Amino acid sequence: MRDSTNADISFFDASNVKKELIEHHGGCHCGTIRFKVLAPQHLDVFECNCSICIKKQNFHFIVPKANFQLLQGSDNITTYTFNTKQAKHTFCKTCGVQSFYTPRSNQDGIGVMPHCLDPGTILSVNTKKYDGQNWEESYQQSDITKYSLNRFDE
């Protein structure tokens with residue numbers, strides 16, 4: 001199975017693959033929002049089932065804020081928050097695409113949508129389920145916080 005980035009998204013287990021960082025570029029549908037991000041070619045992507053993520057089919061990988069740079073479009077971003085107001089769901093005002101956001105679980109990181117990356121830099125996607133409907137319990141039991149650290153040695 002392939003996604004829009006041409007990455008093989010079959011049941012590949014990237015847990016033992018070295019997490020060397022490369023530069024990916026991406027953006028929204030209309031091209032107003034553009035960014036670059038340092039992340040592995042083998043991505044650990046979270047699929048969350050909280051109330052908003054299930055509605056927008058949120059699949060994202062998390063990087064430290066220092067590994068993300070918005071290149072253009074900061075004046076064309078709108079932000080939506082709800083409930084605890086910790087997650088900052090950012091969208092392009094023109095096309096409505098959310099290409100990145102600040103997750104509640106990783107306030108020191110950025111959640112990036114792999115399907116918003118330009119084709120050619122992703123080798124594989126390893127999807128991890130995150131039970132956002134039981135957020136506190138899932139947060140305590142998961143290793144999600146390690147993804148916004150400046151290391152991938154765990």
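A residue counts as buried under 20% relative accessible area, as exposed over 50%, and as partly exposed in between (1.4 Å probe, protein chains only). With 0% relative accessibility, Phe35 is therefore buried. The model here is predicted: local features need pLDDT of at least 70, side-chain atom pairs count only at pLDDT 80 or more, and totals for chains, interfaces and linings use all residues. Residues are numbered from 1 along each chain as its sequence is written, and side-chain values use heavy atoms, leaving out hydrogens and water.

**Aromatic rings**
- There are 4 aromatic pairs in the structure, where rings of Phe, Tyr and Trp (its six-membered ring) pair if their centres lie within 6.5 Å, and planes under 30 degrees apart are stacked, over 60 edge-to-face and the rest tilted.
- Phe35 and Phe100 form an edge-to-face pair, because their ring planes stand at 70° with the centres 5.9 Å apart.
- This pair joins distant parts of the chain, 65 residues apart: Phe35 is in strand E2 (residues 34-40) and Phe100 in strand E8 (residues 100-102).
- Strands (E, at least two residues) and helices (H or I, at least four) are DSSP runs numbered from the N terminus.
- Phe100 is also buried, at 9% relative accessible area.
- Ring pairs connect Phe35, Phe68 and Phe100 into a cluster.

**Confidence**
- pLDDT is the predictor's confidence in each residue, from 0 to 100.
- The chain's average pLDDT is 83, and 80% of the residues score at least 70.
- Among the chain's elements, strand E5 (residues 68-72) has the highest mean pLDDT (98) and helix H2 (residues 135-141) the lowest (71).
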